[in-house]
Amino acid sequence: RWYMASPICSVSASSERPKGKGLVEVQPRVTIHSVNEIDVKAQTFEMDLQVELQWKDLGWLERMEQPDWMAAAKELGWQEQMRKTCWHPGLVLRNCKEKRYDAEVWFRVDRKEEVHDAQDRRIYFIARVHAVFRTKYRLHKFPFDMQWLTVRMGSSFEFVRFVRQGVSNQAEKPDFLDRAAFILEEYRPPDYVCVEAKPADKAASSSAIRYQDLNIKVAVQRNHWYYLMNVFLIDFALVGSSLFVLLVPPAQFEDRMGLSLTLLLTAVAFKELVNTYLPQISYSTILDKYVLAGFIMQVLVVVQNAVAKVEAGEHDILAFSDTMGFPLLFAYLVGYHLYFLCEAWRATREDAEYWVRKGGGKSFEGQDQKKAYRWHRVHDVPSLEKEEEEEDVDEQQQQQQQQQSNPVVGLAVVRSVSPRFI
């Protein structure tokens with residue numbers, strides 16, 4: 001709920017809102033540094049991410065150029081002065097379970113020479129958070145599932161509106177993902193991220209004021225090869241072995257039933273092992289259904305053994321149930337394996353690209369919709385050498401433009417040095 005949300009940092013947002021009436025449009029951008037752990041049983045995941053929020057406030061930019069503000073910034077430090085005096089959206093985490101480290105927070109401001117028009121200068125609020133988040137995993141298609149790692153955020157002000165440019169806008173800065181830091185072998189590194197903005201539920205606010213939610217969804221696909229080799233293959237061997245028990249003559253009933261019951265008890269123990277991979281949920285996954293289908297076949301083999309013994313009596317003759325039982329059970333074995341192959345194929349098709357195609361018509365441009373969101377492909381974090389080269393080229397171009405327009409370069413507004421990836 002709103003009043004139980006955890007502030008993203010200890011920096012309190014100034015109550016002095018940006019000048020102007022109406023909503024304050026804030027543009028978000030995300031950098032995912034690492035996903036360290038995905039705990040399906042605990043319904044949590046650990047993520048290190050960086051959120052950048054930018055907005056326009058020309059009144060504040062004018063105030064920053066006043067002598068008293070610049071003197072205070074020189075005395076306290078530019079960043080500290082910004083933390084004390086500058087308004088920001090006041091992000092809160094709505095599904096944070098535990099913070100691993102205190103959030104790092106800093107500001108930066110566009111310089112006049114960085115933009116074509118001084119009216120386009122923006123203020124940036126950047127926060128890096130490393131925390132454990134709660135989420136609800138949908139495990140119906142386990143282990144061929146794709147999970148949404150969702151970080152639910154919100155603003156502390158009702159007049160904040162999260163906006164974003166369209167997918168085709170090349171001028172927009174992309175979201176980044178550090179693939180080198182993604183070390184989870186069970187999942188594939190995500191290719192897409194969804195940044196979603198929607199109004200919060202009124203009932204979640206103690207004051208009945210509707211705030212704005214900002215949800216960051218990362219789609220990760222499970223690598224199912226481990227489960228194919230260590231679960232499906234082992235269970236197939238157990239079920240297939242029970243079928244060959246029918247080759248034992250009905251007269252040797254004790255040996256025949258003993259083998260069937262041994263394999264059945266082994267399947268029960270194997271099912272208990274499978275349950276350790278999942279939380280206690282009220283529905284069956286693809287893996288549960290597969291193991292249950294094999295268990296049903298082993299029970300049918302036990303029943304068939306008893307019927308064959310009654311038919312054969314004390315005589316060592318081939319029972320009719322053996323003659324028809326083997327092909328029927330074999331057909332059942334092949335049939336349910338074909339069914340689960342189709343289910344696995346359908347589940348693997350519904351990956352991130354499937355949902356991108358399905359929801360591609362909606363984006364942040366549709367702000368009139370009840371819920372606006374945008375899927376797009378994340379970019380790899382650029383290397384430090386490449387960034388330094390680009391920064392050197394930009395600085396040289398800016399110096400040349402300044403010299404051409406004004407030989408005497410005026411005093412630039414003091415600003416913070418932005419760290420990497422900003």
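These are my notebook entries on what I looked up in this predicted model.

**Entry: aromatic pairs**

I began with the rings. A search of the whole structure gave me 18 aromatic pairs. I picked out Phe-157 and Phe-159, which form a tilted pair. Their ring centres are 5.2 Å apart, and the planes make an angle of 40°. I checked why this counts as tilted: stacked needs planes under 30 degrees apart and edge-to-face needs over 60, so the angle falls in the remaining class.

The cut-off I used for buried is under 20%.

Next I looked at Tyr-339 and Phe-340. This pair is edge-to-face. The centres lie 5.1 Å apart, with 75° between the planes. Here the accessibility values put the partners in separate classes. Tyr-339 is partly exposed at 43%, whereas Phe-340 is buried at 8%.

**Entry: an aromatic cluster**

**Entry: a charge over a ring**

I then looked up Arg-108 and Tyr-124. Arg-108 lies over the face of the Tyr-124 ring. The distance to the ring centre is 4.0 Å.

**Entry: salt bridges**

I searched the whole structure for salt bridges and found 18. I followed three of them.

The first entry is Arg-100 with Glu-46. Their closest N and O atoms are 3.6 Å apart. Where do the two residues sit? Arg-100 is in the loop between strand E5 (96-99) and strand E6 (104-109). Glu-46 is in strand E3, residues 44-55. The partners are 54 residues apart in sequence, so the pair ties together separate parts of the chain. Arg-100 is partly exposed, at 35% relative accessibility. Glu-46 is buried, at 10%. I also found that Glu-46, Glu-98 and Arg-100 are linked in a network of salt bridges.

The next entry is Lys-112 with Glu-65. This salt bridge has an N to O distance of 3.5 Å. The pair links distant parts of the chain, 47 residues apart. Lys-112 sits in the loop between E6 and strand E7 (123-134). Glu-65 sits in the loop between helix H1 (58-64) and helix H2 (67-76). I looked up the accessibility of each partner. Lys-112 is partly exposed at 48%, and Glu-65 is partly exposed at 33%.

The closest N and O atoms are 3.5 Å apart. Glu-114 has a relative accessible area of 32%, which makes Glu-114 partly exposed. Arg-111, at 27%, is also partly exposed.

**Entry: two helices**

I turned to helix H4 (residues 225-243) and helix H5 (residues 253-275). Their axes come within 10 Å of each other. They cross at roughly 165°. How do the two helices run relative to each other, parallel or antiparallel? H4 is roughly antiparallel to H5. I checked the cut-off: an angle over 145 degrees counts as roughly antiparallel, so the crossing angle qualifies. The crossing of H4 past H5 is left-handed.

Phe-236 is partly exposed, at 39% relative accessibility. I then compared Phe-236 with Val-291. The two are 55 residues apart in sequence. In space, their C-alpha atoms are 8.9 Å apart.

**Entry: backbone details**

I finished with the backbone. Which residues does a cis peptide bond join? I found Phe-142 and Pro-143, with omega at about 5°. Pro-143 lies in the loop between E7 and strand E8 (146-154).

I also looked up Gln-43. Phi of Gln-43 is near 60°. This is a positive value in a residue other than glycine. Gln-43 belongs to the loop between strand E2 (24-39) and E3.

Conventions: Residues numbered from 1 in each chain as written. Predicted model: local features only at pLDDT ≥ 70, side-chain atom pairs only at ≥ 80, totals over all residues. Heavy atoms only, no water. Phe/Tyr/Trp six-rings, centres within 6.5 Å; stacked < 30°, edge-to-face > 60°. Buried < 20%, exposed > 50% of the residue type's maximum accessible area, 1.4 Å probe, protein only. Lys NZ or Arg CZ within 6 Å of the ring centre and 35° of its normal. Salt bridge = Lys/Arg side-chain N within 4 Å of Asp/Glu carboxyl O. Helix = DSSP H or I, 4+ residues; strand = E, 2+ residues; numbered from the N terminus. Axes fitted to C-alpha atoms, helices over the stretch in contact; angles between N-to-C directions. Parallel < 35°, antiparallel > 145°, perpendicular 65-115°, else oblique. Left-handed = near helix turned anticlockwise from the far one by under 90°.
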